Amino acid sequence: MKFSLVTINVTDMNACVDFFQNLIGMKLQKRYPIPVGELAFLGEEDQPQIELVASSHNPGKGFAGFSVGFETQDMEASIQKFEAAGYPLQRRHDPKPMVSLAFFHGPEGIEVELVHYKKA
């Protein structure tokens, strides 16, 4: 079995596509209407992707109890980029000596986790 995608239910597709495309740097692979709303897929071809679903059948918006993580090479620059875009740092900690984590709430309360692996 191979990991394929993470599905996020959203209500504002434009804001969410903009967030993942322009702030995170993911490529918009597909975006198209469906009978009850719209779908968008972001990520690299042939790699796990994020699927955004804006549907009249959505149970709610954003995540409940988990986050979407992205590795960054420069934690401080990434934090500044998020904050400049209007997404304040929610919390930060270093659970291990070689790992640093920072958490933000993106559009619709989606929790985004930045991960920096420090070099020895």
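Predicted model: local features only at pLDDT ≥ 70, side-chain atom pairs only at ≥ 80, totals over all residues.
Residues are numbered from 1 along each chain as its sequence is written, and side-chain values use heavy atoms, with hydrogens and water left out. The protein chain has two helices and eight strands (DSSP runs numbered from the N terminus: H or I of at least four residues for helices, E of at least two for strands).

**Overall fold**

- Along the sequence, the elements come in the pattern β-α-β-β-β-β-α-β-β-β.
- Of the 120 residues in the protein chain, 41% are buried (under 20% relative accessible area; exposed means over 50% and partly exposed in between, with a 1.4 Å probe and protein chains only).
- Among contacts with a separation of 6 or more, 48% link residues 24 or more positions apart; a contact here means heavy atoms within 4.5 Å.
- The accessible surface is about 7200 Å², and carbon and sulfur atoms hold 52% of that (Shrake-Rupley method, 1.4 Å probe; for residues, only the protein chains shown count as cover).

**The nonpolar core**

- The largest nonpolar core has 26 residues, and Phe-20, Leu-52, Phe-70 and Phe-82 touch the most other members. Such a core is a set of buried Ala, Val, Leu, Ile, Met, Phe, Trp, Tyr and Cys residues joined through side-chain atoms within 4.5 Å.
- The elements that each give at least two residues to this core include β1 (5-10), α1 (13-24), β4 (49-55) and α2 (75-84).
- Helix α1 makes the largest contribution to this core, with seven residues.
- Beyond its neighbours within four places in sequence, Phe-82 contacts Phe-19, Leu-23, Ile-24, Tyr-87, Phe-104, Val-112 and Leu-114.

- Met-75, Ser-78, Ile-79 and Phe-82 are the buried residues of α2. They lie on the same side of the helix because they cover an arc of only 100° around the axis, taken from the directions from the helix axis to the C-beta atoms.
- An α-helix has 3.6 residues a turn, so residues three or four places apart point the same way.
- The other side of α2 has Gln-80 and Ala-84 exposed.
- Cover for the buried residues of α2 comes from elements including α1, β6 (89-96), β7 and β8.
- At the start of α2, a side-chain oxygen of Asp-74 comes within 3.3 Å of the backbone nitrogen of Glu-76.
- Just after α2, Gly-86 has a positive phi of about 95°.

**Gln-49, a buried polar residue**

- Gln-49 sits in strand β4 and is buried, at 14% relative accessible area.
- Its side chain reaches the backbone oxygen of Glu-44 at 3.2 Å.
- Setting aside residues up to four places away in sequence, Gln-49 touches Ser-4, Leu-5, Val-6, Gln-29, Phe-41, Leu-42, Gly-43 and Glu-44.

**Strand β7 and its partners**

- Six of the seven residues of β7 are buried, so this strand is largely enclosed by the rest of the structure.
- β6 and β7 run antiparallel and are joined by five bridges; strands pair if DSSP finds at least two bridges between them.
- Arg-92 stands opposite Ala-102 in β7, and a hairpin of two residues links β6 to β7.
- β7 also pairs with β8, in the antiparallel sense, over seven bridges, with Val-99 opposite Tyr-117 in β8.
- Five residues lie between β7 and β8 in their hairpin, and Glu-108 in the turn has a positive phi of about 65°.

Terms used: Polar contact = N/O pair within 3.5 Å; in protein donor to acceptor, adjacent residues only side chain to side chain.
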